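The tour goes from the whole chain to single side chains.

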Amino acid sequence: MIVKGICTHEIPHTYSPETTEEREHTRSQSASTMDRQQQQHAKVERFLKLGYSHSDILRVLDSLRHDAQTNDILEELIKTCHTQKWDKSVPNSPKLVPRGCSPSPSQPRPGPDREPTAGFRPVVIDGSNVAMSHGDKKVFSCQGLQLAVNWFWDKGLRDITVFVPLWRKEQPRPDAPMTDQHILHQLERRKILVYTPSRCVNGKRVVCYDDRYIVKLACDSDGIIVSNDNYRDLQTENPQWKKFIEDRLLMYSFANDK
């Protein structure tokens, strides 16, 4: 029974505390790497929507710190890159019609399958300016955005971009009222609306300067800007932008929801 005697002894545990700590450290490093990869992917997707090429975005991200903020990345992209012209063809997307209105039978509203009219420049709409103007400077009226998009769409334009701060996607607050928020979701699904980034730091909201996105895209795409803002600070910052804003700023007014 020697064998039986040997079997009665417990086999020593082969895992030491150091081995467990090393395993946890390796697991933590892997999680951190995955988080950084996910953050980088989100940044790439964000700037692809603004018209920058994948290679340019990766090059700029590689040249900056991994924790570089959105404004730092955008500034470097503006300095060194050009945006690509976007294709805003949206087959099978629904028509936008102001609430309470319907197209006239004798003059049907152009559908998504209509070919865009040649000779028009890309249109970049200052979403905050247009929505607040339609809401009499008191309410962010998303219907104003819909009316503006419809106005250009009816003329055959398809290269339309509306910029709106990301925080407008959240639940409206009493100090920042909004109406018809569902219109933002409709425009986003049609690839017409683009949200400019924002985030919260220590309970405070940090937003990007969306005017810079608007002017940059319009200038790079040789388009026009729809806004009643003169962008005087950006005119002072960049002489090229100053000339562009002077020549390509399309001001507007609303009259009876038109």
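How many helices and strands does the secondary structure of the protein come to? Colour the chain by secondary structure: there are ten helices and nine strands. Keep in mind that this is a predicted model.

**Whole chain**

Show the surface. The accessible surface comes to about 15,900 Å², and 52% of it belongs to carbon and sulfur atoms. Of the 258 residues in the protein, 41% are buried. Among contacts with a separation of 6 or more, 66% are between residues 24 or more positions apart.

Strands of a sheet pair through backbone hydrogen bonds.

Next, select residues 123–126 and 224–226, which are strand 1 and strand 8. These two strands run parallel and are joined by three bridges. Within this pair, find Ile125, which stands opposite Val226 in strand 8.

**Helix 8**

Select residues 210–220, which make up helix 8, and show the side chains of Lys216 and Asp220. The two meet in a salt bridge, 2.8 Å from N to O. They are four residues apart, so about one helical turn separates them. Is Lys216 buried or exposed? Lys216 counts as buried, because its relative accessibility of 6% is under the 20% cut-off. Asp220 is partly exposed, at 23%.

**Between helix 10 and the loop**

Select Arg248 and Asp222, which form a salt bridge with the closest N and O atoms 3.0 Å apart. This pair links distant parts of the chain: Arg248 lies in helix 10 (residues 239–248), Asp222 in the loop between helix 8 and strand 8, and they are 26 residues apart. Arg248 counts as buried at 18% relative accessibility, whereas Asp222, at 40%, counts as partly exposed.

**Along helix 10**

Stay in helix 10 and select Lys242 and Glu246, which lie four residues apart, about one turn of the helix. Their side chains meet in a salt bridge at 2.5 Å, N to O. Lys242 is partly exposed at 36% relative accessibility, and Glu246 is also partly exposed, at 46%.

To look for others, note that the count of salt bridges comes to nine.

How values were computed. Residues are numbered from 1 along each chain as its sequence is written. This is a predicted model: local features need pLDDT of at least 70, side-chain atom pairs count only at pLDDT 80 or more; totals for chains, interfaces and linings use all residues. Side-chain values use heavy atoms; hydrogens and water are left out. Two strands pair if DSSP finds at least two bridges between them. Buried means under 20% relative accessible area, exposed over 50%, partly exposed in between (1.4 Å probe, protein chains only). Contact means heavy atoms within 4.5 Å. Accessible areas come from the Shrake-Rupley method with a 1.4 Å probe; for residues, only the protein chains shown count as cover. A salt bridge is a side-chain nitrogen of Lys or Arg within 4 Å of a carboxyl oxygen of Asp or Glu.
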